[in-house]
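Please look at the sequence and the model below before reading on. The report that follows begins with a single element and then widens its view to the whole chain.

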Amino acid sequence: MGKETSTKSSDKKFLDRQEETLLQKGKELVSQLHASIKTAQIYEQNNEMFIKQSRKLFDLISELIQKEGEILLVSKEGYLFLNDLRLKFDLEKYAGSKFIMEIFERFDMEKISIEEGVTSSELDSFVYLFGHLNPEEKDIFDLFEEKIHKLGISHIKVERIPLFKKESYKKSLQENKRLAKKTFFNAVTVVREAMSSLESRKTVNIVRVKRMVQSLVDLIMEDEGTFLELTALKNFDEYTYIHSADVCVLSIMCGVRLGLEKNKLCELGFAALFHDLGKVRLPYELINKPAEYDDSEWVQIRRHPELGVKTILSFRRLDDYSMRAILVAFEHHLNLDLSGYPKVSKKRDLNLFSRIVSIADAYDAMTSGRVYIKTSYSPDETLKRMFYRSGIFYDPVLLKVFINVVGVYPVGTLVVLDTGEIGVVCGINSEDLARPRVKIIADRYGEKKEYKVVDLRKFDETRNEYHFSIVQTLDPQRYKIDISQYLAVE
Ligand SMILES: [Fe+2]
Ligand SMILES: [Fe+2]
């Protein structure tokens with residue numbers, strides 16, 4: 001009996017190891033495919049760079065075929081599968097997997113199969129197609145398949161997404177959006193409740209806060225877009241709570257880009273959510289005063305970092321989460337050159353989490369035009385101002401990471417296109433930060449239009465230029481435009 005059990009468990013270990021290897025190779029395959037398609041988008045098929053990258057992919061594919069017989073790469077319900085094994089991506093490789101899933105979706109494709117006997121030139125031509133076919137083309141899948149045949153690629157086949165699946169995929173995207181929205185407002189509620197409990201000297205349910213932050217981290221890793229839209233919505237009545245949720249979301253996104261592990265992301269989110277907690281100990285009228293602060297009011301406001309430390313120290317249990325939160329509450333208004341507040345006499349290195357939160361905090365405060373700065377700046381103007389202080393106020397590397405999160409033209413920026421049309425940035429393309437997706441809201445004469453979303457990456461091959469480009473940004477306040485009504489977070 002004992003022997004049988006140990007045989008079984010060693011079999012299991014063997015299988016586990018096999019699966020583990022396939023999983024590793026699968027992740028590598030996706031990242032090599034990503035690199036190859038990106039190279040194909042820039043270089044011609046006979047270019048040395050392209051050939052070099054495609055060879056790497058070919059070697060990996062040959063190795064996998066030798067072991068597995070064939071390769072089936074499937075994109076289904078938001079996941080990638082290699083020979084039926086679901087590929088789980090660590091944060092580093094996450095961008096690559098997202099890119100590949102997008103390619104599958106844009107080409108209306110569900111499956112790529114690669115059979116034994118595939119040649120490197122077949123693979124070159126196949127990858128090259130992704131870089132050079134226009135996915136906006138009508139019946140793109142048919143066109144794609146036709147090209148595959150014409151080019152004589154016989155060992156690589158593609159399968160189309162069945163129509164019913166396309167519908168359910170759309171539904172699951174909507175469901176994700178709904179869940180993202182629910183979780184975001186749950187974060188707002190959690191801050192509101194925590195603050196009101198502390199005001200009435202009651203304890204805060206830390207377990208609930210942690211659980212909420214964990215699901216926030218999970219959802220942000222699935223779908224950043226919706227959260228970027230949510231952080232661009234500003235509601236002044238609930239400013240402090242929404243601001244806290246915004247800073248939490250933006251900080252987690254930075255942490256994802258930095259490759260932090262999930263438990264660290266949760267700690268970061270928790271600390272960011274409570275960075276302004278000290279404000280509960282200041283008078284409500286002061287925090288929500290619509291006019292500029294006078295000197296004596298500033299003295300009070302500047303106490304909120306220390307008050308935050310005291311407030312978090314009053315939590316019943318002090319663990320890693322609260323310790324981090326204490327540091328962030330204390331340091332989030334200290335700049336890199338240690339200017340800011342509270343005044344510190346000794347030279348110190350600011351904690352990584354504090355440096356992240358301070359950037360997210362400044363960005364959100366400046367774009368909201370509330371609390372410290374009574375006028376708001378457009379998101380791109382805010383980034384310019386922050387960039388000017390890079391290395392003095394803000395950690396230069398982290399600021400670049402942050403720009404990578406929000407884009408050069410962040411969601412919510414009002415822009416004029418070279419067609420004369422006016423639009424609102426509604427999504428960023430991590431592949432090209434200067435070419436986001438824009439919802440057109442008015443034509444060149446300023447007449448309102450039925451909203452249409454255009455992707456600024458769209459390239460016109462015949463005219464050899466982009467279909468749309470941003471020529472300038474506008475201040476929505478000047479034109480009395482309420483940006484939030486154009487953000488698609490219904
Ligand atoms: Fe603050
Ligand atoms: Fe803040």
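Nine of the 12 residues of helix 14 are buried, so this helix is largely enclosed by the rest of the structure, which is a predicted model. Helix 14 covers residues 320-331, and from its first C-alpha to its last it reaches 17 Å, close to the 16 Å expected at 1.5 Å a residue. Its buried residues are Tyr321, Ser322, Arg324, Ala325, Ile326, Val328, Ala329, Phe330 and Glu331. Against which helices do the buried residues of helix 14 pack? Their partners are set out in the table.

| Helix packed against by the buried residues of helix 14 | Residues |
|---|---|
| Helix 7 | 206-222 |
| Helix 10 | 262-273 |
| Helix 13 | 304-313 |
| Helix 15 | 352-368 |

Between the C-alpha atoms of Asp295 and Lys279, which are 16 residues apart along the chain, the separation is 18 Å.

Turning to the strands, an open sheet is formed by five of them in the order 9-8-7-6-12, with antiparallel pairing. At its edges are strand 9 (448-455) and strand 12 (470-474), each of which pairs on one side only, and neighbouring strands of this sheet are turned by 35° against each other on average, direction ignored. Within the sheet, strand 6 (residues 414-417) and strand 7 (residues 422-427) pair in the antiparallel sense over three bridges, and Val424 in strand 7 is the bridge partner of Leu414.

For the protein chain as a whole, there are 17 helices and 12 strands. The radius of gyration is 25 Å, close to the 23 Å that the globule rule gives for 490 residues, so the protein chain is as compact as a globular protein of that length. Along its principal axes, the C-alpha trace spans about 80 × 80 × 45 Å. Buried residues make up 37% of the 490 residues, and, of the contacts with a separation of 6 or more, 66% are between residues 24 or more positions apart.

The domain assignment divides the protein chain into domain 1 (15-161), domain 2 (173-406) and domain 3 (414-486). The C-alpha centres of domain 1 and domain 3 are 32 Å apart.

Technical notes:
Residues numbered from 1 in each chain as written. Chains lettered and ligands numbered in written order. Predicted model: local features only at pLDDT ≥ 70, side-chain atom pairs only at ≥ 80, totals over all residues. Domains from an automatic or database assignment. Helix = DSSP H or I, 4+ residues; strand = E, 2+ residues; numbered from the N terminus. Rg over C-alpha atoms; globule rule 2.2 N^0.38 Å. Buried ≥ 20, exposed ≤ 12 C-beta atoms within 10 Å, placed from the backbone. Contact = placed C-beta atoms within 7 Å. Expected span 1.5 Å × (residues − 1). Pairing = 2+ DSSP bridges. Axes fitted to C-alpha atoms, helices over the stretch in contact; angles between N-to-C directions.
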